[in-house]
Structures are given as C-alpha cells and as structure tokens.
2 protein chains.
Amino acid sequence: MVERSLNEHLSHLLAQANRHLSRQLTAEGVSLDQWRLMKVLSESGGLPMGKLAEELALNLPTLTKLVDRMVQDALVYRVPDPSDRRKVRMFLSDKGTSMLASQNKRVEEHEAKVEDNYGNEDAQRLKSMLESFIKQIV
Amino acid sequence: MVERSLNEHLSHLLAQANRHLSRQLTAEGVSLDQWRLMKVLSESGGLPMGKLAEELALNLPTLTKLVDRMVQDALVYRVPDPSDRRKVRMFLSDKGTSMLASQNKRVEEHEAKVEDNYGNEDAQRLKSMLESFIKQIV
DNA sequence: TATATACAGTTTCCGATTAAACAATTGCTC
DNA sequence: GAGCAATTGTTTAATCGGAAACTGTATATA
C-alpha cells in the first residue's frame, strides 16, 4: 500500500480544476454561481428554492442570500406558490434574461477556447465522465 | 448553433463534482483545504507562501489567514527564509503530521468507496484526464 | 378540530474570502 | 551606491458562506 500523492486524489484534482476555471470566468466578468442560477431558471423557470439549491449544490441559506442580491439587481424575482404558501418559486426577469444571454456568450467562448486547447474529443469525454460521476456521487 | 444545457458545461460539471465531494469530506471531518495544505507540506516541506498558494490555487490573503488558523492550532509553523527575508517557509509540525495521517485515512477510505462505485478503471481515467486538463488550463 | 410533527425558507451570528492598500525586502539601472 | 521598480507577504474593510435557531405553512393523528 503506497502513499498516494496529492495529484492522484480526485478531491484535489476537482478542486484545482474547478478553481482555475471558475477564476478565469470571474476574470471574464462571470460569477459562476449567478450564471448557473440564471441558466437553470431559463431552462426550467418557476423552480422553488429547495430544488434550486439541489440543482446547484448550494445550501439553502447561501442560496437565499444569493437570490436576495440578484433580486436587488432585478435579475430574478420571487413568486409565492399559491398552492403551497411555504414555497417560493423563482423566475428570471427580462433584465436577467438579457444578462444571461451576454454571459452565455462569454462562457461559451471561454469554454470553447479551453476545450480546443485540451482537445475537443477529450473534452467531450471528460464532460460525460463528470456527468456520470456526479449522478453517482450525489 | 444549438444552445447548450447546463450539464454540457464543463464549468458547471466541475463545480458540482467538486462541491459534492468536498461536502462529503467535510461531513467526514476533513476540511479539504486544510488537508491539501498539510499534504503538500508533507510532500515538499519548506515551501514559501507564494508557491503554496499556487499549488493549492488559493490567493495569498486567503492562504495567509488559513495558515494563521493552522498555526493557532499548532498544525504548521512559519520559518523566515534567511537568504531572502521577504519569504516565509512553511513546515508541518509533529501535531500536523499525525493529524494528516488520520485525515489521509479518512480521505483514502472515502475516495476508495467513491471510486469503487464509479468503477476503478474509469476513476483512474477520470483522474488522469483531470490532471492533464489542469496542466493545460493553468 | 386541536395538537403535534414535518416541511420550506429566512434570519442570525460568526467565520471565511476577496480586492485594495500597505510594509518590508530585494533587484535593477543610472 | 542612490533611487526606483519589482517581489513577497500581511493587513484592512467589505462581502460572502455556513450551522443553528426561527417563522410560517401544511399534514397527520387523536
């Protein structure tokens, strides 16, 4: 049983890859979580907070405050669910929609560059491996 | 040019995978950054702050404060570099060494479980793909 | 229907992160 | 070698994140 080095640990590799990519997006003016939140809402509007938190792997208090800020900026809005008044359904505003469009462009461009450098087939395979990994770890 | 869904974006997949794994380790009593820091120091002791920040993709002020806390807990210690007095070299203490040993065990066990579920060959391939991805994106 | 229990979000309090300014040391250039 | 720029790391002030407590609503049970 040999000692494994840091680079052989999945947790480290994922942390590194995530941070570098996320930093580069921040430098492009894209906050990863805000973007992911808007993108989820554009794909399935009206999600309650709990589902959103699941989809983005954020915990609820963190999400509440992220949403507070985005409501301040008029990017999203809350609608209380009439059939269950504990629930709050979230929607993307018009401003959010156009903000999302411009950020989508930056993300797409940046990822295209990264994936080109890495090799497009490999990037594709990496993504599908991550997707099944996530399904399995959740 | 079709619109890509969130699950087809590398940035999202990496964020999800990283968060789930990191959460699970936290639940096992392992703080990912502390563990990574101790592990780097055990592999190459005496690194200056700047190198450490690079190795872990932390920015320097964050690292300074992480180290402050870990010095408080006597896990690591600072040694000013005599040949360049701007530099601070970091070392793992005895307490840090034994703490690292116990956390290594928990991380190894947890990752072994995760990798078994995912399939060991695939996990191996995922890791080497991530490794080359990181080299390329930095 | 009254009470208890579970559920969905928010708030609070404290710890952690960030960007910007700062201090100390070294290296360069004239 | 004097003055200026670059480097290494820390500090400060403001923002953000997380665990636990709390509010309000729905559901189950008697």
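Strand pairing and the DNA surface

Analyst: Pro48(B) has Arg89(B) in E3(B) as its bridge partner. The model is a predicted one, in which local features need pLDDT of at least 70, side-chain atom pairs count only at pLDDT 80 or more, totals for chains, interfaces and linings use all residues, and side-chain values rest on heavy atoms, with hydrogens and water left out. Residues are numbered from 1 along each chain as its sequence is written, while chains are lettered from A and ligands numbered from 1 in the order in which they are written.

In chain B, strand E1 (residues 47-48) runs antiparallel to strand E3 (residues 88-92), and two bridges join them. Strand E2 (residues 76-80) of chain B also pairs with E3(B) in the antiparallel sense, over five bridges, and here Arg78(B) stands opposite Met90(B). Pairing requires at least two bridges found by DSSP; strands (E, at least two residues) and helices (H or I, at least four) are DSSP runs numbered from the N terminus.

A residue is near a strand if one of its heavy atoms lies within 4 Å of it. Sugar or phosphate makes up 67% of the atoms of DNA strand D within 4 Å of the protein, and bases make up the rest.

Polar contacts are pairs of N or O atoms within 3.5 Å; within protein, one must be able to donate a hydrogen and the other to accept it, and residues adjacent in sequence count only if both atoms are side-chain atoms. Lys65(B) has a polar side-chain atom 2.9 Å from a base oxygen of DNA strand D. Helix H4 (60-72) of chain A, with helix H3 (49-56) and helix H4 (60-72) of chain B, are the elements giving two or more residues to this surface.

DNA strand C is surrounded by 19 residues, with Pro48(A), Gly50(A), Asn59(B), Thr62(B) and Lys65(B) the closest. Of the atoms of DNA strand C that come within 4 Å of the protein, 73% belong to sugar and phosphate. Phosphate oxygens of DNA strand C lie 2.7 Å from a polar backbone atom of Gly50(A), 3.0 Å from a polar side-chain atom of Arg78(A) and 2.8 Å from one of Asn59(B).
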